[in-house]
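Here's a quick briefing to read with the model open beside you.

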Amino acid sequence: RALRLFQPGRVDREAFAAFNAELAAACRANLPLPGTLRALAADLAGPRFRLAVEDVARAVEEGRSLPDALAARGDVFPPAYVALVRAGAAAGDLSGALLDVAIESRTAARALRTTRAALVYPVLLAIVGSAILSMIATSIGPDIERIMTDLGAELPVPSKVVFASFPVMAHAPLLLAGFLLGGAILWRSLARATPFAPAAARLALAVPFLGPFLRAAAVGRFT
């Protein structure tokens, strides 16, 4: 969670890390901030981030301090980031503060990539498994049930339960998608409310299938 505090709003983390690293290098070289910011903005691919940096460059050129100019674009630069830049500027180590943010941003980007990679395999397994269940329930299962009925065989209780679950198993892919989507929405909504965050985490981790996904995501952040 600490990594999130310094992350930009809806801006690529890698681009944010590169921006701060290059700005730190410019500050160490005592280059003029307005020109540096404009040069950095020209190299940014995302229009949202580019326009925000251009606004910051314009504000600095008009005489505002860098922290104040960043705070004016709070939709991109979060308060914790602005506070760190302000503290670095006040301590005379702006380049060091920016470099710290660059390192944190790269760590967050790497954690996100690792998390996504860790979730690919179990998600693929769940998708394939639900597709197989759906195929069994709609194609193979009814034929087996009909054959058993025609033979007049008395079905054991477990078989009756399996045959009775075919209507539900036929919609396994949709149920899986709804389950994962609902679990993700519930996790994010409950986790935002600080008093409920620990209970939400324990509840989500205890849920079958969803719990392993979230656990893999958490472990992925530190590997």
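A residue counts as buried here when its relative accessible area is under 20%. Keep that cut-off in mind, and keep in mind too that this is a predicted model. The protein has eleven helices and zero strands, and 31% of its 223 residues count as buried.

**Overall picture**

- Going along the sequence, you read the pattern α-α-α-α-α-α-α-α-α-α-α.
- Take the contacts in the protein with a separation of 6 or more: 59% of them are between residues 24 or more positions apart.

**H1 against H2**

- Helix H1 covers residues 13-28, and helix H2 covers residues 33-43.
- The axes of H1 and H2 are 11 Å apart, and the two helices pack at an angle of about 150°.
- Angles over 145 degrees count as roughly antiparallel, so that is the label H1 and H2 get relative to each other.
- The handedness of the H1 and H2 crossing is right-handed.
- On the H1 side, the contact uses Phe19, Glu22, Leu23, Ala26 and Cys27, and these meet Leu33, Thr36, Leu37 and Leu40 of H2.
- Sorted by class, the residues in this contact of H1 with H2 are seven nonpolar, one polar and one charged.

**H2 against H3**

- Helix H3 spans residues 47-61, and its axis comes within 8 Å of the axis of H2, with the two crossing at roughly 170°.
- H2 and H3 are therefore roughly antiparallel to each other as well.
- This time, H2 passes its partner H3 in a left-handed crossing.
- H2 contributes Leu33, Pro34, Leu37, Arg38 and Ala41 to the contact, while H3 contributes Arg50, Val53, Glu54, Val56, Ala57, Arg58, Val60 and Glu61.
- By class, the contact of H2 with H3 has eight nonpolar residues, five charged ones and no polar ones.
- Leu33 and Leu37 of H2 turn up in the contact with H1 and again in the contact with H3.

**Aromatic rings**

- There are seven aromatic pairs in the structure.
- One of them is phenylalanine 19 with phenylalanine 49: the ring centres are 5.3 Å apart and the planes sit at 70°, so the pair is edge-to-face.
- Phenylalanine 19 belongs to H1 and phenylalanine 49 to H3, so this pair ties together parts that are 30 residues apart in sequence.
- Back to that cut-off: phenylalanine 19 and phenylalanine 49 are both buried.
- The two rings are also part of a cluster, in which ring pairs link Phe16, Phe19, Phe49, Phe77 and Tyr81.
- Phe19 has a part in the packing too, as one of the H1 residues that meet H2.

- Serine 95 lies in helix H6, which runs over residues 94-150.
- With a relative accessibility of 14%, serine 95 counts as buried.
- Its contacts, once neighbours within four places in sequence are set aside, are Ala24, Cys27 and Arg28.
- Phenylalanine 163 is in helix H7, residues 157-164.
- Phenylalanine 163 is buried as well, at 13% relative accessible area.
- Leaving out neighbours within four places in sequence, phenylalanine 163 touches Gly141, Ile144, Glu145 and Leu155.

**Residues with more to show on the outside**

- Glycine 35 is part of H2.
- Its relative accessibility is 43%, so glycine 35 counts as partly exposed.
- Glycine 35 and arginine 58 are 9.6 Å apart, C-alpha to C-alpha, and 23 residues apart in sequence.
- Arg58 is one of the H3 residues in the contact with H2.
- Asparagine 30 is in the loop between H1 and H2.
- The backbone at asparagine 30 has a positive phi of about 60°, although the residue is not a glycine.
- At 69% relative accessibility, asparagine 30 counts as exposed.

Technical notes
Residues numbered from 1 in each chain as written. Predicted model: local features only at pLDDT ≥ 70, side-chain atom pairs only at ≥ 80, totals over all residues. Heavy atoms only, no water. Axes fitted to C-alpha atoms, helices over the stretch in contact; angles between N-to-C directions. Helix = DSSP H or I, 4+ residues; strand = E, 2+ residues; numbered from the N terminus. Parallel < 35°, antiparallel > 145°, perpendicular 65-115°, else oblique. Left-handed = near helix turned anticlockwise from the far one by under 90°. Contact = heavy atoms within 4.5 Å. Nonpolar A, V, L, I, M, F, W, Y, C, P; charged D, E, K, R; others polar. Phe/Tyr/Trp six-rings, centres within 6.5 Å; stacked < 30°, edge-to-face > 60°. Buried < 20%, exposed > 50% of the residue type's maximum accessible area, 1.4 Å probe, protein only.
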